Amino acid sequence: MRPGEKKTSILSISSIKGGVGKSVTAINLAASLAVTAAPEGGRVLLVDLDPQCNATDALLPGGVEEAQSLTHSIERKRPLDEVVVGTQVDNLDLVGASRRLASLQRTYEGSRLQHLLLDPLFNSERLPDYRYVILDLHGADNCLLTSALYQSDYYLIPLKSDAFGSNALTDMLLIAEELSQLNPNLTLLGCVLTQYRITAGGSRGRASAASRYFEKAIRQLAEEANFRVFNTIIPYSDAVDSSIAKGLPLLLSAPQAPVTLAYHRLAGEVAPLLIGRRRGRRRVPRVEVVRQAEDRYINEPADSEDFEEAPAA
Ligand SMILES: Nc1ncnc2c1ncn2[C@@H]1O[C@H](COP(=O)(O)OP(=O)(O)OP(=O)(O)O)[C@@H](O)[C@H]1O
Ligand SMILES: [Mg+2]
């Protein structure tokens, strides 16, 4: 580690669009990082900031006690040490959410200090035990999102691999841009394509036309608008829902599934970037370019021929 470098990197998995794969990515990226961070001696912490408690339920079926939840930390200003719990994955700990987080969020919404909700949690001597902290966010622009981005070094945006059809990327970039007044270090790590459809056919399968079209469009936009799209693509897989039902991350429930291996590869791309913070120049995405592209897709959806299947190779 370089002198002056902070030991803990905090990454928010964020989008204000629902169902894009934030929780699935937060859980499985955190689990994969926990496995790969082990040789460095660092641990990984996952914090669930969503009142739906998806990440909590997916790792600890039955949830956490109220007195060991993020809700308790925010309400009673309690540090990490008092609310953190272990998981079935070595090196991976969790601060779980409880359903009451929703009413707490409404209480704090709009207050002058609404960005400081996670201060008591992170103001803990135990924070440096963690090499990576992953925050799973709810798909809404509220004080929990603001508090998460205020604490974060980076944010990562999952994009569901279907056609554009909203201003979700623009909106998220604008929120982060505004937040950078409070947290000038906040940096977009990149976007990851999730739920990429592979159609049956051939031994390796073939991407569906819509997924392929979306991938091409988003990679081109990323070049024009100066942001990173990870090489790793997360495929759509039934193993995801069955892992959630079992209350286990993919690496324990389906260790060899392609989607599990994809999350390992994503961790392999993400880790060096998180470790290398403060090196090199910060990439700032061109929000206006993204907005124009998204507006274009909303007003002029892709022609059906854009989605036509190419003949099988
Ligand atoms: N790679 C995948 N393959 C198959 N299903 C997936 C995959 N990723 C996510 N899903 C499913 O899509 C749904 C939404 O995923 P997820 O809960 O991660 O999204 P989210 O962005 O966290 O949503 P929310 O905004 O509600 O928090 C879930 O039912 C999940 O099981
Ligand atoms: Mg979620």
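Colleague: Which backbone oxygen does the side chain of Arg228 reach?

Modeller: In this predicted model, Arg228 sits in the loop that runs between α9 (209–225) and β10 (229–235). Leaving aside residues up to four places away in sequence, Arg228 touches Leu189, Gly190, Cys191, Leu273 and Arg283. At 2.7 Å, the side chain of Arg228 reaches the backbone oxygen of Leu189.

Colleague: Is Arg228 buried, partly exposed or exposed?

Modeller: A residue counts as buried under 20% relative accessible area and as exposed over 50%. The relative accessible area of Arg228 is 25%, so Arg228 is partly exposed.

Colleague: What distance separates the C-alpha atoms of Arg228 and Leu156?

Modeller: Arg228 and Leu156 are 72 residues apart along the chain. The separation of their C-alpha atoms is 9.8 Å.

Colleague: Among contacts between residues at least 6 apart in sequence, what percentage join residues at least 24 apart?

Modeller: The protein has 313 residues, of which 53% count as buried. Its secondary structure comprises 13 helices and 10 strands. Among the contacts between residues at least 6 apart in sequence, the share that joins residues at least 24 apart is 80%.

Colleague: Which residues lie nearest the centre of the largest pocket?

Modeller: The largest pocket has a volume of about 470 Å³, and its lining consists of 28 residues. Elements that give two or more residues to this lining are α1 (22–37), α2 (54–59), β7 (187–196), β10, α10 (238–246) and α12 (258–275). Nearest the centre of the pocket lie Gly19, Gly21, Val24, Gln195 and Ile244.

Colleague: How many charged residues does the lining of the largest pocket have?

Modeller: Sorted by class, the lining of the largest pocket has 13 nonpolar and 11 polar residues. The charged residues in that lining number four.

Colleague: What is the volume of the second largest cavity?

Modeller: The structure holds two cavities of 30 Å³ or more. Val24, Ile27, Asn28, Ala58, Val240, Ser243, Ile244, Leu248, Pro249 and Leu250 line the second largest cavity. The volume of this cavity is about 50 Å³.

Colleague: Which helices each supply at least two residues of the lining of the second largest cavity?

Modeller: By class, this lining has eight nonpolar and two polar residues, with no charged residues. The helices that each supply at least two of the lining residues are α1 and α10.

Colleague: What percentage of the accessible surface belongs to carbon and sulfur atoms?

Modeller: The accessible surface of the protein comes to about 14,300 Å². The part belonging to carbon and sulfur atoms is 48%.

Note on methods
Residues are numbered from 1 along each chain as its sequence is written. Chains are lettered from A and ligands numbered from 1 in the order in which they are written. This is a predicted model: local features need pLDDT of at least 70, side-chain atom pairs count only at pLDDT 80 or more; totals for chains, interfaces and linings use all residues. Side-chain values use heavy atoms; hydrogens and water are left out. Helices (H or I, at least four residues) and strands (E, at least two) are DSSP runs, numbered from the N terminus. Buried means under 20% relative accessible area, exposed over 50%, partly exposed in between (1.4 Å probe, protein chains only). Contact means heavy atoms within 4.5 Å. A polar contact is a pair of N or O atoms within 3.5 Å; within protein, one must be able to donate a hydrogen and the other to accept it, and residues adjacent in sequence count only if both atoms are side-chain atoms. On a 1 Å grid over the protein atoms alone, a cavity is a set of points where a 1.4 Å probe fits but cannot get out, and a pocket is an open set with protein on both sides within 12 Å along at least five of seven lines; lining residues have an atom within 4 Å of a point. Grid points are joined across faces, edges and corners, and a volume is the space filled by probe spheres set on the points. Ala, Val, Leu, Ile, Met, Phe, Trp, Tyr, Cys and Pro count as nonpolar, Asp, Glu, Lys and Arg as charged, and the others, Gly among them, as polar. Accessible areas come from the Shrake-Rupley method with a 1.4 Å probe; for residues, only the protein chains shown count as cover.
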